[in-house]
Structure formats: C-alpha cells, structure tokens
Amino acid sequence: MKISNIFKHIKLVMKHKWVVFKLCIKVGEPWRGFMHDWSKFSPTEFIESVKYYNGHRSPISLCKEDVGYSKAWLHHKGRNKHHHQYWIDLTIPEKTIIIPYKYAVEMVCDELAAGMVYNGDKWNQNTQLEYYLNKERQQNLIHPQTDKFLIATFTEISKNGLDKTLTKDNIKKLYEKYCVKMEELDENQV
Ligand SMILES: [Zn+2]
C-alpha cells in the first residue's frame with residue numbers, strides 16, 4: 001500500500017463529496033449533500049480503497065476484478081440509502097422497493113458527480129444517460145419505477161442540461177410522475 005495513495009484517496013473522496021454537495025444544493029437537499037458517503041472513512045471502506053486507489057477508475061471495481069468481490073462495497077451499499085442496491089431484499093416478492101424521494105435525489109447527484117470526477121474533460125450532458133442505459137441498468141436489479149425516474153432525469157439532462165433539470169421543482173415533478181413516495185404508502189397502510 002502506498003502512503004501517497006492515502007492522501008490521493010482522501011482528496012478524491014472530498015472532491016466527489018464537494019461536487020455532490022453543490023448538486024444537492026441545486027435540488028434543495030443540502031443535508032443529503034453534506035451527509036453523503038461519510039462511510040468511505042470507515043476502516044472497511046477506507047483501507048480497501050487506498051489499496052486499490054487508481055485515480056481514474058473506482059477502487060471498488062478494481063478490487064472486484066482482483067478478488068471477485070469487494071468488502072468495501074458490501075459495507076457501503078448496506079449503509080448508504082442513496083444506492084438503489086440498499087433497497088434490495090431478495091426474500092420479498094418484489095425483490096426491490098422504490099427508493100424514497102430524498103435518497104433518489106441524492107442518488108442522481110451522486111451518479112452525476114462520479115461521472116464528472118472520473119471523466120473530467122470528457123464528461124458531457126449525454127454521459128450519464130449513456131452510462132445508465134448501457135451499463136448500470138444492465139448490471140442491476142432496479143425497481144421499475146426508480147428505473148423510469150432515472151431514465152427520465154438523465155434524458156432531460158442530456159436534452160436540456162444540468163441547470164434546467166436540476167431544480168427542486170423539476171426533480172420533484174419527475175419523482176412524483178414516476179415513483180409513489182414511500183412515505184405516502186406507509187401512511188396509507190396505517
Ligand atoms: Zn455512495
């Protein structure tokens with residue numbers, strides 16, 4: 001493990017957190033932006049990510065390629081509600097449930113920030129839609145309504161850009177169009 005990678009990894013995580021925070025402010029969820037990804041500083045996530053630090057690819061992907069799985073990822077997705085993987089339970093009939101609003105918004109900001117930080121100058125407003133359709137969607141079990149929300153959001157970004165799409169009103173409208181809020185479902189069940 002290289003000592004310099006400790007600092008490079010911290011810098012990369014903080015840069016990612018900063019971009020997520022700025023995007024979360026745009027959509028009216030600053031607290032989600034602030035709370036984003038602190039578990040990356042837990043020993044399970046931190047040590048593995050420093051070991052596989054690379055600079056332009058996720059250390060989690062590199063670890064998975066090397067040992068077949070990533071303990072950092074299992075730890076991360078089990079604690080961070082902004083990952084659709086958090087909402088999977090294979091023992092229930094639906095297998096996965098709709099991601100609640102504030103985490104759905106944080107997820108959009110997270111994916112955009114990751115795309116921007118990793119792609120640098122090569123990032124453009126189509127990047128996220130292409131990545132989602134060609135990669136993320138293929139590899140994951142995503143609730144059909146969460147899926148529709150993500151496609152609609154990334155499609156709007158590719159057509160209208162970040163500033164027009166990422167407003168509190170617009171993102172709320174998109175979420176309400178494609179997802180039923182879990183809070184409402186919970187209330188109705190009482
Ligand atoms: Zn995360």
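**Helix packing and the zinc site**

Let me begin with α3 and α5, whose crossing is left-handed (the near helix is turned anticlockwise from the far one by less than a right angle; clockwise is right-handed). The model under discussion is predicted, so local features need pLDDT of at least 70 and side-chain atom pairs count only at pLDDT 80 or more, whereas totals for chains, interfaces and linings use all residues. Residues are numbered from 1 along each chain as its sequence is written, and side-chain values use heavy atoms, with hydrogens and water left out.

How do α3 and α5 pack, and at what angle? Helix α3 covers residues 43-51, and its axis lies 8 Å from that of α5 at an angle of about 140 degrees (axes are lines fitted to C-alpha atoms, for helices over the stretch in contact, with angles from 0 to 180 degrees between N-to-C directions). That angle makes α3 oblique to α5 (under 35 degrees is roughly parallel, over 145 roughly antiparallel, 65 to 115 roughly perpendicular, the rest oblique). The helices themselves are DSSP runs of H or I, at least four residues, numbered from the N terminus.

On the α3 side, Thr 44, Glu 45 and Glu 48 meet Lys 71, Ala 72, His 75 and His 76 of α5 (heavy atoms within 4.5 Å). Within α3, the residues Glu 45, Phe 46, Glu 48, Ser 49 and Val 50 are buried (under 20% relative accessible area; exposed is over 50%, partly exposed in between, for a 1.4 Å probe and protein chains only). These buried residues of α3 pack against α1, α4 and α5.

Asn 5 belongs to helix α1, which spans residues 3-26. At 10% relative accessibility, Asn 5 is classed as buried. When neighbours within four places in sequence are set aside, Asn 5 is in contact with Val 50 and Tyr 53. Val 50 is itself one of the buried residues of α3.

I turn now to the zinc ion. Which residues coordinate the zinc ion? The ligands are Asp 37 through OD and His 76, His 82 and His 83 through NE2, at 2.2 to 2.3 Å (donors are N, O and S atoms within 2.8 Å of the metal, or 3.2 Å for Na, K and Ca; water is not among the atoms, so sites may look incomplete). The spacing of these donor residues in sequence is D-x38-H-x5-H-H. Angles among the four donor atoms run from 83 to 163 degrees, and the site is irregular. Four donors would be tetrahedral with all angles between 85 and 135 degrees; four are square planar and six octahedral if opposite donors are over 155 degrees apart and all others between 65 and 115; anything else is irregular.

Asp 37 sits in the loop between α2 (30-35) and α3. With a relative accessible area of 1%, Asp 37 is buried as well. The phi of Asp 37 is near 60 degrees, a positive value in a residue other than glycine.

Lys 95 also has a positive phi, of about 70 degrees, although it is not a glycine. Lys 95 is located in the loop between α5 and α6, and is partly exposed at a relative accessible area of 35%. Gly 68, in the loop between α4 (59-67) and α5 (71-79), counts as exposed at 59% relative accessibility.

The next topic is α6. Helix α6 (residues 101-119) and helix α10 (residues 168-178) have axes that come within 11 Å and cross at roughly 115 degrees. The two helices are therefore roughly perpendicular to each other, and α6 passes α10 in a right-handed crossing. In this contact, Tyr 101, Ala 104 and Val 105 of α6 meet Lys 168, Ile 171, Lys 172 and Tyr 175 of α10.

Helix α7 (residues 127-139) also packs on α6: the axes come within 10 Å and cross at roughly 100 degrees. That makes α6 roughly perpendicular to α7. Here Glu 111, Leu 112, Gly 115 and Asn 119 in α6 meet Thr 127, Gln 128, Tyr 132 and Glu 136 in α7.

Finally, Ile 142 occupies the loop between α7 and α8 (144-160). Ile 142 is buried, at a relative accessible area of 12%. Residues up to four places away in sequence aside, Ile 142 touches His 84, Thr 96, Tyr 132, Glu 136, Arg 137 and Asp 147. Of these, Tyr 132 and Glu 136 also take part in the contact of α7 with α6.
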